[in-house]
Amino acid sequence: MNEFNYRDGQLYAEDCKVSDIVAEVGTPVYIYSQKTLERHFNVFDGAMGGLDHLICFSVKSNSNLAVLRLFANLGGGADIVSGGELFRCLKAGMEPNRVVFSGVGKTREEIRYALESGIMMFNVESEMELEEIQRVASEMGKIAPISFRVNPDIDPKTHPYISTGLKKNKFGVEVKQAVELYRKAAGMDAIEILGIDCHIGSQLTTLSPFEETVLKLREIVEDLEREGIQIRWIDLGGGLGITYNDETPPSPEAYAKTVRKAAEGMSQGFIFEPGRVMAGNAGILVTRVLYVKQGPVKTFIVVDAGMNDMVRPSLYGAYQEIQPVVASDAKIVADVVGPICESGDFLAKEREVPNAKPGELLSVMSAGAYGFTMASNYNSRPRPAEVMVNGEDYFVIRRRETYEDLVRGEQIPPWLS
Ligand code: LLP
């Protein structure tokens, strides 16, 4: 469910007419519904009711300060993968002790910054990283709370680029090695063992891989307990899928039921790192049709948003629904393409899409997660504005970039003057 619906033939974001927002802010523009974000958080949180848990929103899916503030206000934390994401969380007023730090390549500076900030824990992905964290923490006279990210070799049955829990992926430590590493960590004076972590992939549409994961982690936790190593938190990562087209992903309630059942009798608390399921269907990308071009074999609808603004279709062959901003049943089979000089620059390919004419607006649906965060300045295109809607109000939460923004930080060496 989301808050992007038609009224009298006009697309609305909550109680704001999309075309009114565009008249002021221009295109392309990302529009997020606050109510939808709130509902997604509350539904997930509610589904976990009774279970000791913390929801750490995955910042990589949507890192706008306003979105982070919203989740912080709702009691959420954050899953981060860089110093930059930590900076955003702190700026947004998020409690550092609700932030977990994942990723295979944390730098010394990032580790230091996270320790200074007092994050909840590091999700450690290798033995060398453990040693680095021990060194940095010890130099700083601090104790670093950690969990190991385990790679359980479970197939999430999703796109290869967003599968992370297979042996061949770069993530986490092997199950076989995990207990050994915990033993090693237990003997380190600047390390505190707090949890165990896992993230097997994204856009999962079945529950069995999650169930297998919990059972696998459970085995490890029990092995550790037998050795006197106590685990306080089990972090299950993110991954719950959403409907882009005709997928039927499990509901958060069904997901929660699976987790509860697999974890029955365990005393640990659970951390979840949902991204897409929180933000994906809470956002749209609105773009304007520039031209319609009849090629020798197909029709191209050329719009003002390109793969630099929304890369998912180009990168993953992902399906993003395209709807007209002024309702119309007129359809055409066409490619919806952007202005980027690459043949891979498309939002939809050989698909039945609205038969939109130059000047008309189209809405790329389910664009709230991995939309703006993956946008770039390729072809020197300023990145779009972002708007948050709340009932009849809306607010520009990131202004459109300017040409000056494009060259900020660049310098011409004196010998070229
Ligand atoms: N935790 C960790 C450690 C992750 O790596 C990810 C996503 C998440 C949580 C959140 O997963 P989610 O709940 O959103 O599925 N750019 C791709 C998705 C990449 C996901 C990477 N990791 C896309 O547009 O589909």
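These legends accompany close-up views of a predicted model with its ligand. Local features need pLDDT of at least 70 and side-chain atom pairs count only at pLDDT 80 or more, while totals for chains, interfaces and linings use all residues. Residues are numbered from 1 along each chain as its sequence is written, and side-chain values use heavy atoms, with hydrogens and water left out.

**View 1. The shell around the ligand.** Here 19 residues surround the ligand, each with a heavy atom within 4 Å of it. Ser202, Glu273, Arg312, Tyr316 and Tyr370 are the closest. By class, the shell holds five nonpolar, eight polar and six charged residues (Asp, Glu, Lys and Arg count as charged; Ala, Val, Leu, Ile, Met, Phe, Trp, Tyr, Cys and Pro as nonpolar; the others, Gly among them, as polar).

View 2. Look for pairs of N or O atoms within 3.5 Å. Glu273 places a side-chain N or O atom 2.6 Å from a ligand nitrogen, and a polar side-chain atom of Asp79 lies 3.1 Å from a nitrogen atom of the ligand. On the oxygen side, Arg312 has a side-chain N or O atom 2.6 Å from a ligand oxygen.

View 3. The domain assignment (automatic or from a database) gives domain 1 (4-32 + 280-407) and domain 2 (34-276).

Note on methods
A polar contact is a pair of N or O atoms within 3.5 Å; within protein, one must be able to donate a hydrogen and the other to accept it, and residues adjacent in sequence count only if both atoms are side-chain atoms.
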